[in-house]
2 protein chains.
Amino acid sequence: MTHSSPVPANGETAPLYRRHRFLLADDVTYLDGNSLGPLPRSVPDRVATAVRDEWGDSLVKGWNDAGWFGLPTKVARRIEPLIGAESQTVSVGDSTSVNLFKVLSAALKLAGPRRRILSDAGNFPSDLYVADGLTRLVESGFHVTALPCEDVESAIGDDVAIVMLTEVDYRTGRRRDMKAVTEAAHASGAIIIWDLAHSAGAFPVRLADCGADFAVGCGYKFLNGGPGAPAFLYVAPRHADAFTPAIAGWMGHADPFAFDSSYRPAAGIQKMQAGTPAILSLTALDEALTLYDDVDLCELQAASQKLGDLFIEAVETRCPDLVLASPRAAAERGSQVSFRHPQGYAVMRALIDRNVIGDFRAPDILRFGITPLYTNEGDIRHAADVLYQVLRDRLWDREAYRVRAAVT
Amino acid sequence: MTHSSPVPANGETAPLYRRHRFLLADDVTYLDGNSLGPLPRSVPDRVATAVRDEWGDSLVKGWNDAGWFGLPTKVARRIEPLIGAESQTVSVGDSTSVNLFKVLSAALKLAGPRRRILSDAGNFPSDLYVADGLTRLVESGFHVTALPCEDVESAIGDDVAIVMLTEVDYRTGRRRDMKAVTEAAHASGAIIIWDLAHSAGAFPVRLADCGADFAVGCGYKFLNGGPGAPAFLYVAPRHADAFTPAIAGWMGHADPFAFDSSYRPAAGIQKMQAGTPAILSLTALDEALTLYDDVDLCELQAASQKLGDLFIEAVETRCPDLVLASPRAAAERGSQVSFRHPQGYAVMRALIDRNVIGDFRAPDILRFGITPLYTNEGDIRHAADVLYQVLRDRLWDREAYRVRAAVT
């Protein structure tokens, strides 16, 4: 969990590829860790212990004896180094949407007289929904301007209060230059909020180095925390004492067990906790994050870029019907490669039926997440082979593959 | 899960006392189900299946194949009859605080020109914190007036926009008359929000009959959903289409997989879903709720009142140092009996050390939750015996019992 090569006590570097530490069937090529990370091998026992021993035996005493009270903080400490955050700047719990609501409402209070929230029309739609809902609630003139991806940076002007962007585009995998955009926002007097949903755990994020104001991210994608795992948020230390939380809960009170009728925010990041966290889901995330104990994130990024380049080459050589939707330059990508195909949905269904699991995003995007922790060159070549066969033999051209079901 | 006696197909009524369906050690007398319900016996296997088979094997396909998308709705359908709610009026997910934030922000929009939010100074502090945080956020003149418990009803006047109350007082167990207070609120033109944290699963709640506007409640107390289980909210059908959610998330969008950049709320209660729900925690709650499949809530309430009366009698007869903090009349109590003692904290620690588990609330309240599903007369007599011994022999008067740790 470092940005430079760790050398364990035995003098050997831990191998990055650790598929044996996931419960992933041998015949599955899983390229959807950007949507839902697979099950780490140690999670089932840890969750079973939380259910039987902590809840079952400790009962209400589990809050102290099993450390449930400290669990959000423990998980936050694991996430901070993954995203280049200072110590005690991350809060874990609630969904990504609720976390975005929390930091965006803080940013509104810090924004001064400006009223424009600038975002990317290709941002996660849910991020735009949250901003829309919040501005409608407060009725103080804030409004969201969502511009085409390539027009956002040049629109950062002195009328912009808040820039709200996702570092890695969920469809194309294009990665924004966090440092340059953050500097541009600050140069114009704006606050910036980064969504790290497709960044955290995929490559080294450098929030502190870049001077980001706020960030949010997701626990169930590259962090492998399980379906609907609790999310996280980041508050730069310079803002920590500058606002009172909009969602004020007892876990963020300075003295939760005094049961004061008045809210007094806890010091620092603790105040961002609101209600009681979902302990079972949080336990799975905590355990999943141990996989990062000895991962060098720079090494992880390099491996991902290499695998991505290999996939692009293997696909483009043989599948002329596919159009690369991701940046060709590895340095401009997150940890995902996407292609366009007019029958993308059916193609992905055909692939999944053959145990090559990626996903589809409307209108025509095939997404392939690349996670070197459990994906190697053999997997990438196999996925490209199956994709080639599906297209060559029009295996996607079956009614069963065309019928839409919900796909995440 | 009915309000009148069910007759199973075999012609026999299921016994209400079903301790064998919980994993609760024989030597434990658990009187804290009002804080954290014990572990239902079927939950560990169900959660293990969700982890290994659903997440592990189905991977991202679990959203469809394992029914994760439908899980919040499935759980909501289980909760509705427990609280006397119409079909499709309950939404499950997020914490109680976030749910209160959701319904209170809806109520603000429906409130008209009035700006006073009336509450009880003895309400859950966290509910007051949420109201405080929300009013500070919106800056539109709303303010909270929290009056002493007994003064609230007479203060419901034509300046009150919203009445926000908890049906059962968390310290004393005093139960408000939901119908009378709701009618008083409506007669004065106010909206009413009920917190059912200590009601749901304890006795028949009658939201629809009483005409309540909104409600929230907790999954981990009497509903036994596990630590930090997802919470729920209720929106009366007449309000369902009258507002747009303040926390607007993709799960509440009319067409989540269209990935529209604009938010269009789903029809009815579905729009109250926000971000991705914590599936593992939600699975535990879903399984726990099966315990209510054949519970007659009126029978449950009658059994609870009988046990409560027995406890009060057994304690008052022998423990003159304890002062009853709950209403003596069973009809005015929720499913809990509380006593005051100047050394309440130490007394409770001594009790817990002897496997009689209740809890303590500052400054001097000993709380005993009563759940006839796993508590019978023998348990009640035993608890009273141990309490008597602890007081008679001053067993609480030890340094180790006086030192405060966090206790929920």
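## Two domains

The centres of domain 1 and domain 2 of chain A lie 29 Å apart, taken over C-alpha atoms. The model is predicted. Domain 1 of chain A is made of two stretches, 19-39 and 296-402. Domain 2 of chain A covers 48-292.

Domain 1 of chain A brings 31 residues to the contact, and domain 2 of chain A brings 25 residues.

## Buried area

The size of an interface is often given as the accessible area lost when the parts come together. Between domain 1 and domain 2 of chain A, about 2,200 Å² is buried. Carbon and sulfur atoms give 58% of that area.

Which residues of domain 1 of chain A lose the most area to domain 2 of chain A? They are A:Arg21, A:Leu297 and A:Gln301. Together these three account for 22% of what the domain 1 side buries.

## Polar links

How many salt bridges does the rule find across the interface of domain 1 and domain 2 of chain A? The count is 0. For polar contacts, the count between the two domains of chain A is 14 residue pairs, with both residues at pLDDT 80 or more.

## The domain 1 side

Three elements of chain A each supply at least two residues to the side of domain 1 that touches domain 2: α9 (297-318), β10 (336-340) and β13 (365-369). α9(A) gives the most, with 4 residues.

By residue class, this side of domain 1 of chain A holds 14 nonpolar, 11 polar and 6 charged residues.

Definitions and conventions:
Residues are numbered from 1 along each chain as its sequence is written. Chains are lettered from A and ligands numbered from 1 in the order in which they are written. This is a predicted model: local features need pLDDT of at least 70, side-chain atom pairs count only at pLDDT 80 or more; totals for chains, interfaces and linings use all residues. Side-chain values use heavy atoms; hydrogens and water are left out. Domain bounds come from an automatic or database domain assignment. Contact means heavy atoms within 4.5 Å. Buried area is the accessible area (1.4 Å probe) that two parts lose on being put together, summed over both. A salt bridge is a side-chain nitrogen of Lys or Arg within 4 Å of a carboxyl oxygen of Asp or Glu. A polar contact is a pair of N or O atoms within 3.5 Å; within protein, one must be able to donate a hydrogen and the other to accept it, and residues adjacent in sequence count only if both atoms are side-chain atoms. Ala, Val, Leu, Ile, Met, Phe, Trp, Tyr, Cys and Pro count as nonpolar, Asp, Glu, Lys and Arg as charged, and the others, Gly among them, as polar.
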